[in-house]
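Welcome, and thanks for taking a look at this one. Below is a short tour of a few local features, so please keep the structure open as you read.

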Amino acid sequence: MHRSEPARPGAFRSVLLFLLVSTLSGALVAGLALPLAGLAGVTTQTVHNTVQFLPQDLAIPASQQKTVIQAADGSLIATLYKENRTEVSLKAINPIMLKAIVAIEDDRFYEHGAIDAKGTLRALLRNQTAGGVSQGGSSITQQYVKLSLVAKAKTPEERAAATADTYERKIAELRYAIAVEQKVSKDEILHRYLNLAFFGGRSYGVEAAARHYFGVPASKLTLPQAALLAGLVKNPVGYDPTDAPKKAKDRRDTVLMRMRDLGIITAKQSAAAMKTPVIDPRKIQVVPNGCANSKYPFYCDYVVAKLKENPVFGRSKEDRENYIQTAGLTIRTSLDPKMQAAAQSSIDKHSKPTDQAVAAITVVEPNTGLVKAMAQSKPYGFKKNQTAYNYNVEKSYPGGFGGFQNGSTMKAFTIAAAIQKGVPLNYRINSPQTLDLSGQDFKTCTGVASDPDYTPKNSTKTVPDPSMIDAARASTNTYFLQLSQQVGLCPIATLAARMGMRDAQTEKPLLQVPSMTLGSAGLITPMMLSSAYATFAARGVFCNPQVVTAVASVRGKSIATPGRSCKPVMTPQVADGVNYVLHEVMEPGGTGSKLKFGRSDLAGKTGTVNENKAVWFAGYSSKYAAASVVADATPPATNLMNQTFNGRTLGHEVSGSGTAGPIWETAMRGILAGLPSSKFVQPDEKTIRGNVKDLPMVKGMTPEQATAALQALGFKVSVSDTLVDSDAVSGTVAYTSPRTEDGALPGALVTLWLSNGSKALPPTPPVTPGIPTIPIPPPTKPTGPGRPTCPPWDPKFPKCNGR
């Protein structure tokens with residue numbers, strides 16, 4: 001209290017004078033403000049001194065309402081709330097409910113002003129005799145004021161003050177009540193009160209209570225149901241019919257008798273209502289709260305995390321969280337229940353929650369970025385064989401696991417960067433089973449990267465001189481390592497970053513290391529990989545993953561939320577080239593051939609992480625893209641071999657195609673079922689043939705001669721230590737890698753392969769007179785693997801070009 005303020009009179013005396021003077025002035029009857037002038041003598045001055053400390057107006061906060069999160073088809077995903085409330089209009093409440101609450105709480109509500117002087121004075125006298133607050137006497141208006149003050153409280157201290165059994169608080173309520181009745185009609189006060197009151201069972205407001213206890217809206221309440229709810233507001237916990245049915249019935253019947261005594265209902269109606277059961281347990285509806293109770297808890301958590309990033313909901317994450325839980329929003333998401341069911345069904349078919357290894361899959365729509373499904377093998381929870389980790393998303397989101405290395409699925413970005421740089425689809429590089437890259441430089445965005453001891457090998461067999469398509473089909477490591485060295489790591493990293501690829505643990509760019517194309521540059525999530533592969537399906541348009549498609553306020557007004565964020569990151573022609581190459585992976589002989597189904601064009605890539613710690617399959621049609629992973633999610637991750645998956649112990653069969661692939665296939669079968677078939681756009685001639693620089697014909701030259709010729713054109717040269725079968729003279733150049741007829745990238749490394757002379761032509765025998773000469777047929781071009789005798793590259797000839 002400030003020193004300049006006069007001493008406040010005693011609370012009981014203040015309220016008594018307040019009521020007496022207000023009653024004499026007619027303020028209570030008329031519902032007007034307390035008169036502070038116009039009364040005579042000491043009484044006026046006394047009242048003035050008493051009430052000058054009281055507030056004049058009550059700022060009514062918006063009532064808290066539950067927020068609903070919906071799937072794309074409008075079905076419910078989850079409800080979020082601090083108070084389970086759904087506000088309804090007065091017309092949406094059955095009139096019998098209005099009569100019941102007035103009868104039991106304030107039967108003179110429409111007759112007195114803000115304060116029922118008769119009831120309040122009676123309560124005050126009894127409380128004074130008892131030496132404390134033992135009896136109420138509040139009008140519905142006063143109760144509404146009290147509820148509003150509680151709702152307005154932001155701190156425990158404010159809440160305690162709003163509910164304290166003190167005359168100080170009572171005085172404030174009285175003055176607020178007068179102010180409210182000056183501005184608001186009786187019907188509106190009753191309407192607000194019924195929407196604000198607590199009815200037990202986590203139900204705030206009459207609509208939520210009606211649906212909770214009886215499974216009906218407030219507009220459909222019957223007489224006994226209305227009487228039960230009216231009786232609950234006095235003691236929602238003590239009269240809860242689910243816990244205390246006998247007390248609840250006694251209280252309900254008290255309300256019915258009061259309504260009968262007031263002539264609101266007849267004795268016959270009252271008696272009939274008393275005979276009805278208090279509640280039907282089968283009709284009780286509990287509104288689950290939060291994502292943990294959702295059918296799709298991981299997806300729901302991700303949605304809420306994305307909402308908290310939106311500054312329109314508040315300045316801080318705490319403010320946004322509070323707003324989301326209390327503003328009564330309707331949030332529409334991209335989740336497709338049918339696709340989600342297909343994804344989860346596939347997970348359930350190919351894995352089990354009891355497995356040591358985990359499985360996950362994300363489905364994304366190309367051209368929109370809409371995340372249509374997200375499923376995993378471990379269900380949400382904190383018990384054995386459950387988890388709170390979402391294996392589909394980054395660590396930056398609540399519960400996000402943070403990804404796994406993605407293995408050879410990374411080769412798709414090398415393919416894209418190579419095509420973008422003009423590498424033809426039939427570009428050949430000699431790719432031995434083991435390749436020594438120790439100390440060799442790989443150009444990065446900031447310099448060079450190298451590994452002093454790096455001798456990678458292929459995990460599958462392939463032709464010794466594969467084209468880009470051959471190498472993709474067989475997932476030839478040594479080919480893509482050399483291709484990435486020729487293209488440079490910077491174009492690969494830049495393109496991958498534009499397609500949303502980054503380290504899911506640190507949010508930093510992927511590492512530009514020699515083994516980048518093999519998927520060792522960072523930890524990747526199914527969400528990231530499916531979104532990136534969707535870019536190829538969308539002919540070069542990358543869209544950021546989107547789960548929230550619309551947000552509406554409690555009044556149905558649209559609230560701004562980040563929409564689709566799409567941009568081209570490569571030309572359609574480059575994407576067409578990638579689609580053609582990855583489509584061949586799904587054809588007979590490719591690592592994904594066993595996963596092919598249906599009539600639509602499909603494309604994809606397998607991925608196996610070093611030491612089999614994770615295996616992947618990422619694939620797509622032109623309509624949907626998905627990435628599935630099976631991994632060890634228990635740090636430190638170990639080899640999947642000897643771990644249980646789908647109820648059995650894995651062995652040497654662990655692979656992207658055989659372990660993660662079936663999850664992708666089954667899910668995509670369900671997703672694409674019933675949809676029209678679709679085809680990829682064929683790459684144009686320029687994309688097929690590339691934009692390489694011609695190589696000179698150096699066959700038959702000495703290594704020194706060939707080196708000089710190639711270096712004069714700006715190429716780098718290396719000479720292989722391995723001699724190869726050739727018709728060239730032993731020790732001379734048999735062929736180059738890349739091949740002379742294919743050309744090479746400007747400045748690329750060209751490897752010279754020297755002949756062992758095994759197929760060199762014998763010398764021409766001398767002609768002897770009288771003996772006929774036997775003509776020696778000209779040599780034929782080898783037709784073995786990797787040396788086709790087809791016409792120039794043409795996608796119309798599927799058996800050509802080493803495929």
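## Strand β14 and its neighbours

The model shown here is predicted. The link from β14 to β15 is a hairpin of four residues.

Strand β13 (residues 603-608) also runs antiparallel to β14, and six bridges join them. Here Gly 604 stands opposite Gly 619 of β14. The hairpin of β13 and β14 has five residues between the strands, and in it Glu 611 takes a positive phi near 65 degrees.

## How enclosed is β14?

In a regular strand, side chains alternate between the two faces of the sheet. In β14, Ala 614, Trp 616, Ala 618 and Tyr 620 point one way, while Val 615, Phe 617 and Gly 619 point the other way, and all are buried. Because seven of the seven residues of β14 (residues 614-620) are buried, the strand is largely enclosed by the rest of the structure.

## A helix crossing

Two packed helices are described by the angle and the distance between their axes. For helix α11 (residues 223-232) and helix α12 (residues 245-261), the axes come within 8 Å and cross at roughly 110 degrees. The two helices are therefore roughly perpendicular to each other.

On the α11 side, the contact is made by Leu 223, Pro 224, Ala 227, Leu 228, Ala 230 and Gly 231. From α12 come Ala 248, Arg 251, Arg 252, Val 255, Leu 256 and Met 259. By type, the residues of this contact divide into nine nonpolar, one polar and two charged.

## Backbone details worth a check

Most peptide bonds are trans, and most residues other than glycine have a negative phi. A cis peptide bond joins Pro 635 and Pro 636, with omega about -10 degrees; Pro 636 lies in the loop between β15 and β16 (644-645). Another cis peptide bond joins Ser 737 and Pro 738, where omega is about 5 degrees. Pro 738 is in the loop between β19 (733-737) and β20 (749-754).

Positive phi values turn up at two asparagines: near 75 degrees for Asn 367 and near 55 degrees for Asn 646. Asn 367 sits in the loop between β6 (358-364) and β7 (371-376), and at 43% relative accessibility it counts as partly exposed. Asn 646 lies in the loop between β16 and β17 (648-649); its relative accessibility is 26%, so Asn 646 also counts as partly exposed.

Terms used:
Residues numbered from 1 in each chain as written. Predicted model: local features only at pLDDT ≥ 70, side-chain atom pairs only at ≥ 80, totals over all residues. Heavy atoms only, no water. Buried < 20%, exposed > 50% of the residue type's maximum accessible area, 1.4 Å probe, protein only. Pairing = 2+ DSSP bridges. Axes fitted to C-alpha atoms, helices over the stretch in contact; angles between N-to-C directions. Parallel < 35°, antiparallel > 145°, perpendicular 65-115°, else oblique. Contact = heavy atoms within 4.5 Å. Nonpolar A, V, L, I, M, F, W, Y, C, P; charged D, E, K, R; others polar.
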